[in-house]
Amino acid sequence: MRHAKNGSEHIRHLHTLGPHGTNLEAASHEWLRRGGIQGTVTLHSSIESALDAVPDDGQHALVACAVYPALHTLVFSNLHRLHMVDSFVMPTHNMVLATNGAAQPATVASHPAPTRLIPAGTEIREVLSNSQAAIDCAEGRVEGCITTIVAAENHGLRVVRDFGAVPMVFTVHQVLAVDVESDRLVAAGAAL
């Protein structure tokens, strides 16, 4: 796949949600691979913190997920900097309920998006990523987690239920410097 002439051909650096083992990390590497781009992927504790750290030179982009709970807020609060240049469907890593040994975990860590996979009556502790959920479980902060199979294996967790891969839409948002006043004047002129 060659990226269209929408500015994405300048992107060389992707920023997304970490720590290592997230679906967004895998999607970022896949986008680079599909485009034949030799680039970098930098992981951040949240998509929001990634945006704060990303230079607005057009060579950097955020990779997000269509089900990221606050994506709409992030996009519409940053229309002056974020320009969606691509989206693609890719299956996630298998999503799993994993434990640190408990057969029926009483507390489960999860990113907000997949919390519906948690058994009813279980206490939910929301974290910033599926990989962070696995870390919290491995370190004993919770008995279980909703995470990726990759993160569960990386942290020596026991898979209790495998929900399989989920076909998912991932979005690529180029970060550009835009003169907000010029944009306002252009928009006002177009309205005349």
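Some ground rules. The model is predicted, so local features need pLDDT of at least 70 and side-chain atom pairs count only at pLDDT 80 or more, while totals for chains, interfaces and linings use all residues. Numbering starts from 1 along each chain as its sequence is written, and side-chain values use heavy atoms, with hydrogens and water left out.

Overall make-up. The chain has 6 helices and 10 strands. Those are DSSP runs numbered from the N terminus: helices are H or I, at least four residues; strands are E, at least two. Of the 192 residues, 45% are buried, meaning under 20% relative accessible area with a 1.4 Å probe, protein chains only. Contact here means heavy atoms within 4.5 Å. Among contacts with a separation of 6 or more, 73% join residues 24 or more positions apart.

Now the cores. A nonpolar core is a set of buried Ala, Val, Leu, Ile, Met, Phe, Trp, Tyr and Cys residues joined through side-chain atoms within 4.5 Å. The largest has 29 residues, and Trp31, Leu62, Phe170 and Val172 touch the most other members. Strand 3 (57-65) is one of the elements that supply at least two residues. Its share is the largest, at 5 residues. Take leucine 62.

Next, the pocket. What is the volume of the largest pocket? About 330 Å³. Its lining has 13 nonpolar, 6 polar and no charged residues. Of the 19 lining residues, Asn23, Cys65, Val67, Ala113 and Asn130 are the closest to the centre. Helix 1 (23-35) and strand 10 (167-176) each supply at least two lining residues.

Asn130 also belongs to the buried residues of helix 4. That helix, residues 130-138, is mostly covered, with 7 of its 9 residues buried. Its cover includes helix 1, strand 5 (95-99) and helix 5 (149-154). Just after helix 4, glycine 140 takes a positive phi of about 80 degrees.

Last, a cis peptide bond joins glycine 18 and proline 19. Proline 19 sits in the loop between strand 1 (13-17) and helix 1.

Definitions and conventions. Buried < 20%, exposed > 50% of the residue type's maximum accessible area, 1.4 Å probe, protein only. 1 Å grid on protein atoms, 1.4 Å probe; cavity = no way out; pocket = protein on both sides within 12 Å on 5 of 7 lines; lining within 4 Å. Points joined across faces, edges and corners; volume = space filled by probe spheres on them. Nonpolar A, V, L, I, M, F, W, Y, C, P; charged D, E, K, R; others polar.
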